[in-house]
Amino acid sequence: MPKDPIILLNRCASYLSTKKFVPALNDANQAIECDPNNWKGYWRKGVALMSLAKRPFRTKQAIEAFESCAVCTTLPENKKTEVQAELAKARLRMQQQDAEAPEADLSKCSRSE
């Protein structure tokens, strides 16, 4: 049975509203797979990723989702500012995560010759 991206996106929105971020992310990914030009799939993917525990790999994926959303031809003009604002938040989080990451302790590594 073919998957309907509208149904997936509606269920994704429902999951987001009830803070069930993992199933929301799953539905967003499936909706994107079905309709790669639907901005709501990328938007909801980014929102789900930003709502999960803060990890650099999730933040990177959220940035990618919001960037994809921003270039969708179906993105309404009145949503572009909101997408750019969330993209800026995700980029700021990535900068903070990069700054907080401990540097590798190489003092005990031997030099290979």
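Predicted model: local features only at pLDDT ≥ 70, side-chain atom pairs only at ≥ 80, totals over all residues.
Trainee: Let's begin with the rings. How many aromatic pairs does the count come to?

Mentor: Good place to start. Ring centres have to lie within 6.5 Å to pair. Trp43 and Phe66 have their centres 5.5 Å apart. By this rule the count comes to 1 aromatic pair.

Trainee: Is the pair of Trp43 and Phe66 stacked, edge-to-face or tilted?

Mentor: Look at the planes of the two rings. Under 30 degrees would count as stacked and over 60 as edge-to-face. The planes of Trp43 and Phe66 stand at 55 degrees, so the pair is tilted.

Trainee: Which helices hold Trp43 and Phe66, and how many residues apart are they?

Mentor: Trp43 sits in helix α3, residues 39–51, and Phe66 in helix α4, residues 56–71. Both residues are buried. The pair links distant parts of the chain, with α3 and α4 as the helices and a separation of 23 residues.

Trainee: On to helix packing. Are α4 and α5 roughly parallel or roughly antiparallel?

Mentor: Two packed helices are described by the angle between their axes and the distance between the axes. Here the axes of α4 and α5 (residues 80–100) come within 9 Å and cross at roughly 155 degrees. Angles over 145 degrees count as roughly antiparallel. The two helices α4 and α5 are therefore roughly antiparallel.

Trainee: And is the crossing of α4 and α5 left-handed or right-handed?

Mentor: The residues that meet there include Ile63, Phe66 and Glu67 in α4 and Leu87, Ala90 and Arg91 in α5. By class, the contact has 9 nonpolar, 3 polar and 5 charged residues. As for its hand, the crossing of α4 and α5 is left-handed.

Trainee: Which residues does Glu67 touch, not counting residues up to four places away in sequence?

Mentor: Glu67 lies in helix α4. At 34% relative accessibility, Glu67 counts as partly exposed. Its C-alpha atom is separated by 20 Å from that of Pro5, 62 residues apart along the chain. With sequence neighbours up to four places away left out, Glu67 touches Leu87 and Arg91.

Trainee: Now α1 and α3. Are they roughly parallel or roughly antiparallel?

Mentor: The axes of α1 (residues 5–17) and α3 come within 11 Å and cross at roughly 20 degrees. Angles under 35 degrees fall in one class. That makes α1 and α3 roughly parallel.

Trainee: How many nonpolar, polar and charged residues are in the contact of α1 with α3?

Mentor: α1 passes α3 in a left-handed crossing. The contact is made by Leu9, Asn10, Cys12, Ala13 and Leu16 of α1 together with Lys40, Gly41, Arg44, Val47 and Ala48 of α3. Gly counts among the polar residues. The division is 6 nonpolar, 2 polar and 2 charged.

Trainee: Last one: what separates the C-alpha atoms of Ala104 and Lys79?

Mentor: Ala104 has its place in the segment after α5. At 64% relative accessibility, Ala104 counts as exposed. Ala104 and Lys79 are 25 residues apart along the chain, and their C-alpha atoms are separated by 41 Å.

Conventions. Residues numbered from 1 in each chain as written. Heavy atoms only, no water. Phe/Tyr/Trp six-rings, centres within 6.5 Å; stacked < 30°, edge-to-face > 60°. Helix = DSSP H or I, 4+ residues; strand = E, 2+ residues; numbered from the N terminus. Buried < 20%, exposed > 50% of the residue type's maximum accessible area, 1.4 Å probe, protein only. Axes fitted to C-alpha atoms, helices over the stretch in contact; angles between N-to-C directions. Parallel < 35°, antiparallel > 145°, perpendicular 65-115°, else oblique. Left-handed = near helix turned anticlockwise from the far one by under 90°. Contact = heavy atoms within 4.5 Å.
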